[in-house]
Amino acid sequence: MRRASGIIKLPPSILIGHSSSAGAVHKHSFTTLTLLQNRHNSQQQSFPGDFLKWGSLGFFRASSFATGFNPLKAKPLDSIIDVERVKDRLAEDIASAWDDFHLGRGHIGASMKAKLYNLLERRAVDCRYFVIPLWRGNGYTTMFAQVQMPHMIFTGLEDYKARGTQASPYFAVTYYNEFAESKDMVLIRGDVVLPSKLTDSEAKWLVETTQSFYLNDMRYKLVERFNKQTHDFEFKDVLQALEMPNL
């Protein structure tokens with residue numbers, strides 16, 4: 001944490017979703033996956049409705065997932081990190097301090113190259129949804145992701161099946177691109193909303209794996225198929241890409 005001192009603003013009042021519980025997010029900051037349709041965005045699309053081949057997942061509700069969401073009200077970057085103080089520092093130093101600060105706080109800190117962020121942003125416009133198997137013990141639980149940059153939001157597929165758009169979010173991610181041009185770096189902050197559902201290490205794996213499906217050309221074909229050619233989507237292909245057994 002020493003590397004973070006002087007760079008990261010430490011008073012707890014500036015922490016997003018600060019609570020007496022290290023992993024908690026303030027209940028007024030982010031409530032549910034109650035997603036609000038933006039009538040002014042003609043590019044918004046419905047969640048793919050054809051799940052005829054999803055029998056193995058039990059996901060046969062042909063419901064429509066809302067086309068926008070009310071994300072975590074993330075504080076601006078300059079309320080977390082002293083932007084003026086670090087603007088002349090190396091990108092590696094900023095990223096290291098950012099990562100250290102979030103470690104063990106119920107948050108995930110990471111960074112990525114601006115070029116990769118731009119690709120992620122472009123691809124998410126057309127493909128906003130995906131499913132990721134999270135391995136636990138002798139099996140996996142399937143997570144449902146909505147990617148609407150600069151945010152990602154995750155909930156359990158079973159919770160979505162049961163509650164639809166009222167399902168509670170497990171994990172919310174925000175991307176900060178203030179250093180994209182000057183340092184070729186985008187900072188990433190993830191908030192574990194429900195620590196009972198997701199550990200910090202699982203959350204980190206989840207966001208890294210989801211990014212890989214949007215950034216890797218071969219894996220992205222599965223994302224496109226899920227969003228645009230649902231008839232042809234096979235969940236076993238995701239398992240194969242992650243080298244997980246098809247249970």
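**Reading contacts, rings and strands**

Student: Which side chain makes a polar contact with the side chain of His-107 at 2.7 Å?

Tutor: The side chain of Asp-191 does, at 2.7 Å. Keep in mind that you are looking at a predicted model. The side chain of His-107 also makes a polar contact with the side chain of Arg-189, at 3.3 Å.

Student: Where does His-107 lie, and is His-107 buried or exposed?

Tutor: His-107 belongs to strand 1, residues 107-113. The cut-off for buried is under 20% relative accessible area. His-107 has 7% relative accessibility, so it counts as buried.

Student: In what order do the strands form the sheet?

Tutor: Six strands make an open sheet, ordered 1-6-5-4-3-2, with antiparallel pairing. Strand 1 and strand 2 (129-136) are the edge strands, each pairing on one side only. From one strand to the next, the twist averages 25°.

Student: How many bridges join strand 5 to strand 6?

Tutor: Six bridges join them, and these two strands run antiparallel.

Student: What describes a pair of aromatic rings?

Tutor: Such a pair is described by the distance of the centres and the angle of the planes. This structure holds 12 aromatic pairs. Take Phe-154 and Phe-171: their ring centres are 5.6 Å apart and their planes are at 25°, so this pair is stacked.

Student: Why does the pair of Phe-154 and Phe-171 tie together separate parts of the sequence?

Tutor: Phe-154 lies in strand 4 (residues 151-156) and Phe-171 in strand 5 (residues 171-176), so the pair ties together parts 17 residues apart in sequence. Both Phe-154 and Phe-171 are buried.

Student: Which two residues form a tilted pair with 50° between the planes?

Tutor: Tyr-214 and Tyr-220, with 6.1 Å centre to centre. Tyr-214 is buried at 0% relative accessibility, and Tyr-220 is buried with a relative accessible area of 7%. Have a look at Arg-123 too, which lies over the face of Tyr-220, 4.4 Å from the ring centre.

Student: Which residues do ring pairs link into a cluster?

Tutor: Phe-130, Phe-213, Phe-226 and Phe-233. Over the ring of Phe-213 sits the charged end of Arg-219, 4.9 Å from its centre.

Definitions and conventions
Residues are numbered from 1 along each chain as its sequence is written. This is a predicted model: local features need pLDDT of at least 70, side-chain atom pairs count only at pLDDT 80 or more; totals for chains, interfaces and linings use all residues. Side-chain values use heavy atoms; hydrogens and water are left out. Rings of Phe, Tyr and Trp (its six-membered ring) pair if their centres lie within 6.5 Å; planes under 30 degrees apart count as stacked, over 60 as edge-to-face and the rest as tilted. Helices (H or I, at least four residues) and strands (E, at least two) are DSSP runs, numbered from the N terminus. Buried means under 20% relative accessible area, exposed over 50%, partly exposed in between (1.4 Å probe, protein chains only). A charge sits over a ring if NZ of Lys or CZ of Arg is within 6 Å of the ring centre and within 35 degrees of the ring normal. A polar contact is a pair of N or O atoms within 3.5 Å; within protein, one must be able to donate a hydrogen and the other to accept it, and residues adjacent in sequence count only if both atoms are side-chain atoms. Two strands pair if DSSP finds at least two bridges between them. Axes are lines fitted to C-alpha atoms, for helices over the stretch in contact, and angles run from 0 to 180 degrees between N-to-C directions.
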